[in-house]
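This briefing goes through one protein model by topic. Please keep the sequence and the 3D view open while reading.

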Amino acid sequence: MAVDQGAKSLRFAVLTPSDRSTEIIERPIIAEAPIAIEYNGIGYAVMMATPIDLEDYAVGFSLSEGLITHPDDILALDTHHSELGWILRIQVPQENAEKVVARARQRVSESSCGLCGMDNLEEVMRPLPPVTAQIDVLDAAIFSALSALRSHQTLNADTGSAHAAAFCTPDGAIQMTREDVGRHNALDKLIGALARADIDISAGFIVLTARCSLELVQKTILANCPMLVTISAATDLAIHIAEKSCLRLVSLARADSALAAMPQTG
């Protein structure tokens, strides 16, 4: 029985150490589906994601990939549900399509085990622009946002397995949240939703229910958001790149403490 595109209700047998349980329960499980992304008929990527807020995802993914600079660069957007998954058909101007072709060629040498080849290494580690936005955020505002986040995670409340990306005003008020089975997808959805709503991402900060890896830092920097807060710890590379691009990074953010990355020496 389908709940919505974000989750479906499935039946389970409850196991216990005594081996005597015969209880059968039904509970919502988060949806995961292949999302094929096409630009002007060119296959660009297939991502595994939760098939909700797909228009936001299309815009945010396109912005994060550097294929567009504004939602208006998308001339048409069609979401098509097939038997095997979903297809996002995106139309962009010809000058944007040339970027698609160039990036798609680089993706040919990618494999399921990771990125292969010097070209792809250079692409992943490409120089990023500095974050030019600046905001003043008190420590109390960070913990206020963390305290309120759970009440904004409706999909996770049902399934217990959704990541969330939340945009907060400098005083810690959560203005918008998006959820997905993948933390990077949740962030792309949030970036796209903010752009579509014409909300200035540089005027607030982002909270993520995830560990902080390089790709999340990259997406935040490219969006020109001045601060990223993550529930779990950051990697060394994420901290290094955040420092180089003037992104304020706060990780391992819990109810009673958080770690603010400081300039590294040596």
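The model is predicted: local features need pLDDT of at least 70 and side-chain atom pairs count only at pLDDT 80 or more, while totals for chains, interfaces and linings use all residues. Residues are numbered from 1 along each chain as its sequence is written, and side-chain values use heavy atoms, with hydrogens and water left out.

**Confidence**
- The average pLDDT (the predictor's confidence in each residue, from 0 to 100) is 91 for the protein, and 92% of the residues score at least 70.
- Residues 108-116 have a pLDDT below 50, and this stretch has seven contacts in the model beyond near neighbours in sequence (contact means heavy atoms within 4.5 Å).
- Where pLDDT is low, the predicted coordinates should not be read in detail.

**Helix α8**
- Helix α8 spans residues 236-244 and has Ala238, Ile241 and Ala242 buried (under 20% relative accessible area); helices are DSSP runs of H or I with at least four residues, strands are runs of E with at least two, and both are numbered from the N terminus.
- The buried residues of α8 pack against α7 (214-222) and β12 (248-251).
- Cys246, which follows α8, has a positive phi near 65 degrees.

**Nonpolar cores**
- A nonpolar core is a set of buried Ala, Val, Leu, Ile, Met, Phe, Trp, Tyr and Cys residues joined through side-chain atoms within 4.5 Å.
- The largest core has 54 residues, and Tyr39, Ile206 and Val217 have the most contacts inside it.
- A second, separate core of 15 residues includes Ala145, Leu146, Ile174 and Val207.
- Among the residues that Val217 touches, leaving aside those up to four places away in sequence, are Ala238, Ile241 and Ala242.

**Strands**
- Strand β4 (residues 33-39) has Ala33, Ile35, Ile37 and Tyr39 on its covered face, with Pro34, Ala36 and Glu38 on the uncovered one.
- β4 pairs with β5 (residues 42-49) in the antiparallel sense over seven bridges; strands pair if DSSP finds at least two bridges between them.
- Tyr39 is opposite Ile42 in β5, and Asn40, in the hairpin of these strands, has a positive phi near 50 degrees.
- β4 also runs parallel to β7 (residues 86-91), joined to it by five bridges, and Glu38 has Arg89 as its bridge partner there.
- A mixed open sheet of six strands has the order β9-β8-β10-β11-β12-β13.
- β9 (174-180) and β13 (259-260) are at the edges with a single partner strand each, so one side of each has no neighbour in the sheet.
- Within the sheet, Val207 stands opposite Val229 in β11.

**Two buried residues**
- Lys189, in helix α6 (residues 183-196), counts as buried because its relative accessibility is 0%.
- The side chain of Lys189 reaches the backbone oxygen of Thr50 at 2.8 Å, and Asp53, Asp56 and Glu179 are among the residues that Lys189 touches.
- Ala133 is in the loop between α3 (118-124) and α4 (139-149) and counts as buried at 13% relative accessibility.
- Ala133 touches Ser202, Asn224 and Pro226, not counting residues up to four places away in sequence.

Terms used:
Buried means under 20% relative accessible area, exposed over 50%, partly exposed in between (1.4 Å probe, protein chains only). A polar contact is a pair of N or O atoms within 3.5 Å; within protein, one must be able to donate a hydrogen and the other to accept it, and residues adjacent in sequence count only if both atoms are side-chain atoms.
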